[in-house]
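Subject: Structure handover

Hi,

Here is the structure we talked about. Please open it and read the notes below alongside it.

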Amino acid sequence: MKAPNLHLAVIISTILATSPTQSAAIKCGIKGVTKPCIRDADNMDRYSANVSYNLTEQNSFWKSLEGLYVQDMNFFFEDGTPETNYTAGLPEGLGTFDMSKAKAFVNITVDGSRFYYHRYVMAKHNSDGPEDMQLPGLVHPFDLYAASTFEKNGEAKSMGIIQGYGNELKLVSAGENPATLNPIDDEIFLIVVPATNIDTTNHPVADRSYEVYDCTDPDCNKFKTYNEGYIGLLQDEESTPPHHIRYSRTSSTKVDIDTWMEEFNNVFTEFSIPPPNDPLLVTLTNPNINFNFNIPTFTQPFDPSKSESTPACFTLACPTEDDWKLADPYLGTSPYIEPDGLLAGGFIAGVTTACIVSALLLFFTIYKRGVMARENRVKEVVLISLATTMSLKITQTLSVEDLQEMFEKIDIDGNGSLDKDEMKGLVEEAGVKNMSDRDYDLLFASIDLDGNGTLDFVEFCAFFASISIDESSKDTFEEDA
């Protein structure tokens, strides 16, 4: 019985190997075997390892945005009045700046999952300073950084901004509610800045805005931009909803590096913005006004006539890799992990059924072979005992006459058939000892082919024909002549 046990072990191992708890290494989405992948069932790219975090691969519009731009910016108050008297935080008496005719220079770069937006905004002084003095124009740098998301839906989320100048400048994180940058239909770029808590004159307010970039040519070399900003009291949001405070309109034209630098230089001249090594040095007659113009806000950030490239960061304060960990999905762990494949119910049922059927067939074969072997042993013992008792020679080719003689000797009442009790008494008389009722029932059932409870001569002959007598048994029980 060693071989059957080996087969049984193989079957059990097969069943265990195909159980759901052992399917950790199986991939999802194998047709007919495992359940569909989440990315296929719900059309969610965020679960697919084959979908990159690179923005240009998610949406080609990001690629068309890259480049250098020269912008004409026009700022307005909520009532539509041009913003011509921006003070820029100057002390009273130093005049104002005209933001209704501002100029801006932009550099947009997309690098893998990261989006870089750098802009200088420049405004001309209104010549309304002390003694109608023409003061230097204003230079305000602004850097915005964003990255693709774990959603892999073509959007980017703001990591934060840096603006102005200063030795202690740091990234202002977008926090838990960042601005969303979303390309739409390959021609519109939408930036939505949600409500943000800030502190203005000791009152918490909501500062929010949106900005729309609308391409005006097929290659997006030119676009119009519209921006609106709102402000409202958070603690009284229902009775005092956010109200419009300012908006801007911008015309942008994509240019090459040479044109960008040339336009930059022209604006420096037109807005009277001096180079950093030659700042405005003035002596004011009013002793109550004291201001130093020898700062970056009122000087050229670099010399465009000698530069072949733009500064890496316009504020001169670039984000670190630790900053990028706040937003870059390549530096984080996605919450959208495709689970290990789970075997489909149909596959499990099919394999289980196949294993059970195979096991049953194997067990039946083993049982059948055991029954047949036991049956043959009983038949052989009975045959040899009967033949010995009746002084018959056992050979592999008993003649019909030999079988007829044996049958007639057993058929005591001469009715041409042997019943079960006659056969059992004869077997016991022949000296077959210790035969259990089970063995005798097995013997009689194997002989009684028609199952009528008696044995006729044909069944008796078939009984002897079904027994294979090995040579040793034949030699042992042959009767001497």
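Is Cys318 buried, partly exposed or exposed? Cys318 counts as partly exposed, at 43% relative accessibility. Buried means under 20% relative accessible area, exposed means over 50%, and partly exposed lies in between (1.4 Å probe, protein chains only).

Some ground rules. This is a predicted model: local features need pLDDT of at least 70, side-chain atom pairs count only at pLDDT 80 or more, and totals for chains, interfaces and linings use all residues. Residues are numbered from 1 along each chain as its sequence is written, and side-chain values use heavy atoms, leaving out hydrogens and water.

Disulfides come next. A disulfide is a covalent bond between the sulfur atoms of two cysteines. Here it is taken as a pair of cysteine sulfur atoms within 2.5 Å. That rule gives 2 disulfides.

- Cys313 pairs with Cys318, sulfur to sulfur 1.9 Å. The link is right-handed, with 125° about the S-S bond. Cys313 is buried, at 5% relative accessible area.
- Cys215 pairs with Cys220, with the sulfur atoms 1.8 Å apart. This link is left-handed, at -50° about the S-S bond. Cys215 is buried at 13%, and Cys220 is buried at 2%.

Now look at helix α11, residues 457-465. Helices are DSSP runs (H or I, at least four residues), numbered from the N terminus. Its buried residues are Glu459, Phe460, Phe463 and Phe464. They sit on the same side of α11, because they cover an arc of only 140° around the axis. The arc is that of the directions from the helix axis to the C-beta atoms. Val458 and Ala465 are exposed on the other side.

Best wishes

Conventions:
Helix = DSSP H or I, 4+ residues; strand = E, 2+ residues; numbered from the N terminus.
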